[in-house]
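Biologist: I would like to learn how to read a few features of a protein model. Could we start with the backbone and then go on to pockets?

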Amino acid sequence: MGQIEAEGDGAIETEPHGVLYCDGSYIERRMNGFPSDDHHTSWNTVRFSLAGLEVLLRSPDDALANLSPSYAAQGAARDTPDLVLEIRRVVGLGAGAPRPPRYPEFARSRTTGGAIRLHRPDATGEVALPLSPAEPVRGSFVVGESRHSLDAVLRASVSIAVPRNGGLILHASAVDARGAAYVFSGVSGAGKSTIATLLGGLPGFTKIADDLVIVMPHAGGFALHTVPFLCKEARPPRHGLPGAGGHALAQRPAHRRERLAPAAATRELLRHVLAHVVEPQTAASTLAAALAFTTVVPCHRLEFARAASVVDVLDIT
């Protein structure tokens, strides 16, 4: 299932660099990071809307100064947030620490209090899911000085919140073909960027995403939204393009496209979902969103030969 996986509970866990986890809480013991209490007179805040998800970021220090300008370009539509994150910067967090084998992925587990615990050397914290759908998802993190640490926390937290709204973050590229979005998912090296670049060079096609997209329910179907996360090639944001087709990629000597039944398409899609699942609520919402997507959006297995002539089998009119 790609990024979807579960890990066991742990009541007490001591991580390097002085972070002590105990029953779902954490205490930062470094004195040069941030104050030991949480009574701050003022907070720096940033609000933005991402695929209809309203996000509020709060920090008692300058952690948000590392935020990419692409987030501010998203704008904010509503006063009531769906995701609230409190973020503190810790000088030197993760500096010189060995990188785990699966870095930059987060190690994931569930606390005894039911929160989702995320940890990597340069960013660590927890995300709590509310009992009521009217309440926001809330998270609290410490991050290192790199903007990539902050960005990793944001994309992980958004991936937890999006399925609650019926959507998914997909490891996929996408093109705009005459006002409709075509999505190409696959593992690293499958050709996501290649096919989007090839098609983007054709009349009537525009490459809009290389690696990650969000799909959200809209008007009886799904709409595609690009993401503001850090990437190698920045592109203008695109929001609300109707999803016209999903494709699971494989590079082969010749082009061939095969329609997938919803059950097979759902299994394939879940391999390419970015999600941090360690508890039943997120697992259920992620599965429901994937099944809804494959039910209303035509999904195919696409074999292609690294040539723009692949457009001939896509049946785009």
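Modeller: This is a predicted model. Ala51 sits in the loop between strand S4 (44–50) and strand S5 (53–59).

Biologist: What is the phi of Ala51?

Modeller: Most residues other than glycine have a negative phi. Ala51 is not a glycine, yet its phi is positive, about 55°.

Biologist: Is Ala51 buried or exposed?

Modeller: Buried means under 20% relative accessible area. Ala51 has 8% relative accessibility, so it counts as buried.

Biologist: Where is Ala219 found, and what is its phi?

Modeller: Ala219 is in the loop between strand S14 (212–218) and strand S15 (221–225). Its phi is positive, near 50°, and Ala219 is a residue other than glycine. Exposed means over 50% relative accessible area; Ala219 has 75%, so it is exposed.

Biologist: Which residues does a cis peptide bond join?

Modeller: Most peptide bonds are trans. Here a cis bond joins Tyr103 and Pro104, with omega about 15°. Pro104 belongs to the loop between strand S6 (83–89) and strand S7 (107–110).

Biologist: What is the volume of the largest pocket, and how many residues line it?

Modeller: The volume is about 1,300 Å³. The largest pocket has 42 lining residues; Arg155, Asp211, Leu212, Leu230 and Cys231 lie nearest its centre. Helix H2 (147–161) and strand S13 (205–209) are the elements that give two or more residues to this lining. The largest share, five residues, comes from H2.

Biologist: How is the lining of the largest pocket divided by class?

Modeller: It has 18 nonpolar, 14 charged and 10 polar residues.

Conventions: Residues numbered from 1 in each chain as written. Predicted model: local features only at pLDDT ≥ 70, side-chain atom pairs only at ≥ 80, totals over all residues. Heavy atoms only, no water. Helix = DSSP H or I, 4+ residues; strand = E, 2+ residues; numbered from the N terminus. Buried < 20%, exposed > 50% of the residue type's maximum accessible area, 1.4 Å probe, protein only. 1 Å grid on protein atoms, 1.4 Å probe; cavity = no way out; pocket = protein on both sides within 12 Å on 5 of 7 lines; lining within 4 Å. Points joined across faces, edges and corners; volume = space filled by probe spheres on them. Nonpolar A, V, L, I, M, F, W, Y, C, P; charged D, E, K, R; others polar.
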